Amino acid sequence: MKTQKEINEEIKRLNKLIEQVPQYNFFSEDNHEKINAQIEVLENDMDDDEINERWAGEDEVDINDHAITAACWRDDVKGYEEAPSKDWQSLVKNKMDSKE
């Protein structure tokens, strides 16, 4: 299990990503909602049951997946060694784009 310091640092990184990642992806899915779900999981130490109850709707499957990813990282589940924030790096807006 990650230390509280590691979790707090990841929460900070995820919060910063909200400003850097486009809100909607190509499929009109809300990236910020997914990031906020990961933050909520880490802030509230949510387990799988709580996550599945919180994001149970058919339209929330992808949000649920991102939330589970955060919990698995926090709990050191094999295959989830990279912090959730790393998954968003490819979507970080180019600094030049933000000047337009």
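1. Asp45 sits in the loop that runs between α2 and α3, where helices are DSSP runs (H or I) of at least four residues, numbered from the N terminus. Although Asp45 is not a glycine, this residue has a positive phi of about 50°. With a relative accessibility of 45%, Asp45 counts as partly exposed, because that class lies between buried (under 20% relative accessible area) and exposed (over 50%), computed with a 1.4 Å probe and protein chains only.

2. A word on the basis of these remarks: the model is predicted, local features need pLDDT of at least 70, side-chain atom pairs count only at pLDDT 80 or more, and totals for chains, interfaces and linings use all residues. Residues are numbered from 1 along each chain as its sequence is written, and side-chain values use heavy atoms, with hydrogens and water left out.

3. Which residue pairs with Asp45 in a salt bridge? The partner is Arg74, with a distance of 3.5 Å from N to O, a salt bridge being a side-chain nitrogen of Lys or Arg within 4 Å of a carboxyl oxygen of Asp or Glu. This pair links distant parts of the chain, since Asp45 belongs to the loop between α2 and α3 while Arg74 belongs to helix α4, 29 residues away. Arg74 is buried, its relative accessible area being 3%, whereas Asp45 is partly exposed.

4. Salt bridges with shared partners join Glu29, Lys34 and Asp62 into one network. Within it, Lys34 and Glu29 form a salt bridge whose closest N and O atoms are 3.2 Å apart. Lys34 counts as buried at 4% relative accessibility, while Glu29, at 32%, counts as partly exposed. A search of the whole structure finds seven salt bridges.

5. A further salt bridge brings together the side chains of Arg54 and Glu40, at 3.1 Å from N to O. Arg54 is in helix α3 and Glu40 in helix α2, so the pair ties together parts that are 14 residues apart in sequence. Both residues are partly exposed, Arg54 with a relative accessible area of 40% and Glu40 with 22%.

6. The largest nonpolar core has 22 residues, and those with the most contacts inside it are Leu14, Ile35, Val41, Leu42, Ile51 and Trp55; such a core is a set of buried Ala, Val, Leu, Ile, Met, Phe, Trp, Tyr and Cys residues joined through side-chain atoms within 4.5 Å. The elements giving two or more residues to this core are α1 (4-20), α2 and α4 (61-74), and the largest share, seven residues, comes from α4.

7. Ala67 also lies in helix α4 and is buried, with a relative accessible area of 0%.

8. On the surface, Asp47, Asp48, Asp49, Glu50 and Glu53 gather in a patch of negative charge, a patch being made of residues with over 30% relative accessible area and no salt bridge, with like charges joined within 9 Å. Asp47 is located in the loop between α2 (31-44) and α3 (48-54), and at 38% relative accessibility this residue counts as partly exposed.

9. Ser28 has a positive phi of about 65° although it is not a glycine. Ser28 is placed in the loop between α1 and α2 and is exposed, with a relative accessible area of 58%.

Note on methods:
Patch = residues over 30% accessible without salt bridge, like charges linked within 9 Å, V, L, I, M, F, W, Y side chains within 5 Å. Areas by Shrake-Rupley, 256 points an atom, 1.4 Å probe, with all protein chains shown as cover. Lys, Arg positive; Asp, Glu negative; His and termini not counted. Charge placed at Lys NZ, Arg CZ, Asp CG, Glu CD.
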